[in-house]
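Take a look at the model below. Then follow this short tour from the overall fold to the details.

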Amino acid sequence: MVFTEAFNYVVFDNPVSKTILKPILNSAVTHAPPEIKVVTERIPLWELAAEHAPIIRFVGLSGALAVGLGAYGSHKSYPKDKESELKSIYETGNRFHFLHTLALLATPMCRRPLLSSSLFAVGTTLFSGPCYYHAFTGENRFGRLAPIGGSILILAWLSLIF
């Protein structure tokens, strides 16, 4: 006991050590870890998604539009000389429209839902829109917008990562 008492006095209890170590020891006081709150209440998914209601409504509109345009395009009569080409372009645009509408449905669960959903919406419009226009009219006036829309869709998928 004599050695420990002497050691404590030399290191901690003498006036010089108290003056030097007191600020250091006071700042080194450990704080209790934050309290972890466990939520056991079950919240329905539709209530959680309600805060992103505009995105969900837009997804519903986009899906309905994709179904309607898909039905219209499959029953439309194309010019005989360009039928296979225009139908292929139309099916590509409609497939991308459907696929990215489903991707839009997942955006409320990502870190930046507004950014991701905006990129998906703009990219789908700029890609599928010119495809629909070309297939319906036979003109390729807006064809240069499709690669831009495709690039924006790539950015939209990447935005889900970050």
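How many helices and how many strands does the protein have? This is a predicted model, and it has seven helices and zero strands. Read from the N terminus, the order of elements is α-α-α-α-α-α-α.

**The whole chain**

The protein has 162 residues, and 28% of them are buried. Residues 24 or more positions apart make up 67% of them.

In soluble globular proteins, nonpolar side chains tend to be buried together. Here the largest nonpolar core has 10 residues, among them I55, V59, F120, F127 and L153. Which helices each supply at least two residues of this core? The table lists them.

| Helix | Residues |
|---|---|
| α4 | 53-75 |
| α5 | 83-106 |
| α6 | 113-137 |
| α7 | 145-159 |

There is also a second, separate core of six residues. L86, Y90, Y132 and A135 are included in this second core.

**Helix α7**

α7 is 15 residues in length and spans 21 Å from its first C-alpha to its last. That is close to the 21 Å expected at 1.5 Å a residue. Its buried residues are A146, G149, G150, I152, L153, A156 and S159. What do the buried residues of α7 pack against? They pack against α5 and α6. An α-helix has 3.6 residues a turn, so residues three or four places apart point the same way.

A146 gives a close-up of this packing. Beyond its neighbours within four places in sequence, A146 contacts L126, F127 and P130. Both A146 and F127 belong to the largest nonpolar core.

**A nonpolar patch on the surface**

Some nonpolar residues sit on the surface instead. I154, L155, L158, I161 and F162 form a nonpolar patch there. Together they have about 530 Å² of accessible area. I161 is found in the segment after α7. Is I161 buried or exposed? I161 counts as exposed because its relative accessibility is 59%, and the cut-off for exposed is over 50%.

**A buried histidine in a loop**

H52 lies in the loop between α3 (45-49) and α4. Why does H52 count as buried? Its relative accessibility is 17%, and buried means under 20%. Leaving out residues up to four places away in sequence, H52 touches P108 and P113.

Key:
Residues numbered from 1 in each chain as written. Predicted model: local features only at pLDDT ≥ 70, side-chain atom pairs only at ≥ 80, totals over all residues. Heavy atoms only, no water. Core = buried A, V, L, I, M, F, W, Y, C linked by side-chain atoms within 4.5 Å. Buried < 20%, exposed > 50% of the residue type's maximum accessible area, 1.4 Å probe, protein only. Helix = DSSP H or I, 4+ residues; strand = E, 2+ residues; numbered from the N terminus. Contact = heavy atoms within 4.5 Å. Patch = residues over 30% accessible without salt bridge, like charges linked within 9 Å, V, L, I, M, F, W, Y side chains within 5 Å. Areas by Shrake-Rupley, 256 points an atom, 1.4 Å probe, with all protein chains shown as cover. Salt bridge = Lys/Arg side-chain N within 4 Å of Asp/Glu carboxyl O. Expected span 1.5 Å × (residues − 1).
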